[in-house]
Amino acid sequence: MRFLMFSVLILIQFQSLLAQQKKVVTGGREIAITLTPLKNCTVYLGSYFGKGMTLVDSTRLDQNSKGVFKGPNKLTTGIYFVVSPTYTIQFELLMDQQQRFTIQADTSAKESAIIKGSPDNDLFKDYAGFSNEKGRLLQQLKLALQSANGAEADKIRVSIANTEKEIKQYQTNIHKTKPTSLLSSLFYIMQRPELPPVPIVKGKPDSAYPYQYVKQHYWDNVLFNEDRLLRTPFFEPKLDEYFKYYVSADPDSIISEVKQMLLMARTGKEIYPYLLTKFTNKYINPEFMGQDKVFVYLFENFYAKGDTVLLNPASRKSITERAYSLMANQIGQQAPVLNLTDTSGKKVALYEINAPFTIVTFWDPNCGHCKEEIPRYDSIYKAKWKSLGVTVYSVNIYENEHAAWKKFIVENKLSADWYQVYQTKEDKLAEEKAGLPNYRQLYDIFKTPTVYLLDNKKRILAKQLSLEQFDALMDAKKR
């Protein structure tokens, strides 16, 4: 496979962006720390940021192991951690709204850190102790279950269920007794709705109800404009699970979800650019065919309307060029016009070809992958497609490789029924002079071979599938 001129890298500069957008709050932060036995060294304050981690502050410990994390701005609330000079996480803590508390800790007893002046951290410490205890118990029970059977296994399953119920009840109690606490908010972010029993409707089980219920309640009590979502290790995995299990792979379904999330997140200083970047990166080169429609939607409705300020110049250029390359070749659209020259010098217009299906393939006679794939297409064409009326419009993308192109056709005995075409230098120059987009952009040719399947009206049915997938799709369309 030869990659041509396309390489997209989203380079949103979060640190500089967020530095510009941070809201100055009177009083800022002032968190005193004593971390023995460390002396005369720098320690750091870090936080989660999506699936990653980032350092947000530092302080120099004096001879008495004392220092202060201090600054004019408040940090985003969430789960943070103290980091040693060797970049080892010592312990976690909650960054509350006040951000004026003290930490007393020792590197040899990380779980015994004492935080004073922060009710949120008092709750967090109690829960951490409870969670660790129940977590160890669950691990022991599940290990025992592997070798148990019969009544003993049933007894262990009951113990596991009861322990999990205790954990959920603990969280429920926090919601009831401390509804405005940071810990309550974090519980909502991490929780998944429980599957309800299947109801009986008119004498028949409604098997779709549990799925619909979970999807409807998946984000209960979670506000997408809260930047604290990023300052946890569990928001993004939950988000990924939602799109994997509860959102259809159909691009229109994805667009509906993405649109809603981004509009809700719009007022978030950190969460909005993060989500926009995440969705852009995911759908600019999507896992499934047709989902690049989501990226085109993002470009047209966000970047093209001003959100390119989130990008540095190189990323802005890449995003824009990529969007323009995809706009003309979306699934269901009419294929861009092609009127290229064949090996004898005759013009061949794509739209003058009458066929139930047309395979349009762009390839390079010197591309190693093309040398393998093009003969495979020719084999299935001779064995099956020709008799079904399928047409192949085969484009050599390099006019300078004219001799190698013809030699490859002859040596591999490619079917004479194929339309073998290329763009002459004269046509290319005329196109450039007229300011018209090149077919490489219109058909998004950034690697070879690039293959499209068109219907009898030259609408795009599929692109970038394997030969076998194209064949199966044509079989399905004929039924």
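Visitor: In which loop is Lys 413 found?
Guide: The model is a predicted one, in which local features need pLDDT of at least 70 and side-chain atom pairs count only at pLDDT 80 or more, while totals for chains, interfaces and linings use all residues. Residues are numbered from 1 along each chain as its sequence is written, and side-chain values use heavy atoms, with hydrogens and water left out. Taking helices (H or I, at least four residues) and strands (E, at least two) as DSSP runs numbered from the N terminus, Lys 413 falls in the loop between helix 12 and strand 16 (419-422).

Visitor: Is Lys 413 buried or exposed?
Guide: Lys 413 has a positive phi of about 50° although it is not a glycine. Buried means under 20% relative accessible area, exposed over 50% and partly exposed in between, with a 1.4 Å probe and protein chains only. Because its relative accessibility is 64%, Lys 413 counts as exposed.

Visitor: Which strands are the edges of the open sheet?
Guide: Four strands form this sheet in the order 4-3-6-7, with antiparallel pairing, where two strands pair if DSSP finds at least two bridges between them. Those that pair on one side only are strand 4 (52-61) and strand 7 (89-95).

Visitor: What angle does the direction of helix 4 make with that of strand 7?
Guide: Strand 6 (residues 78-83) and strand 7 pair over six bridges in the antiparallel sense, and Ile 79 stands opposite Leu 94 in strand 7. Helix 4 (residues 182-190) packs on the sheet, touching both of these strands, contact being heavy atoms within 4.5 Å. With axes as lines fitted to C-alpha atoms, for helices over the stretch in contact, and angles running from 0 to 180 degrees between N-to-C directions, the value is about 105°.

Visitor: How far apart are the end C-alpha atoms of helix 11?
Guide: The expected span of a helix is 1.5 Å times one less than its number of residues. The 18 residues of helix 11 (residues 368-385) should therefore span 26 Å, which agrees with the distance between its end C-alpha atoms, 24 Å.
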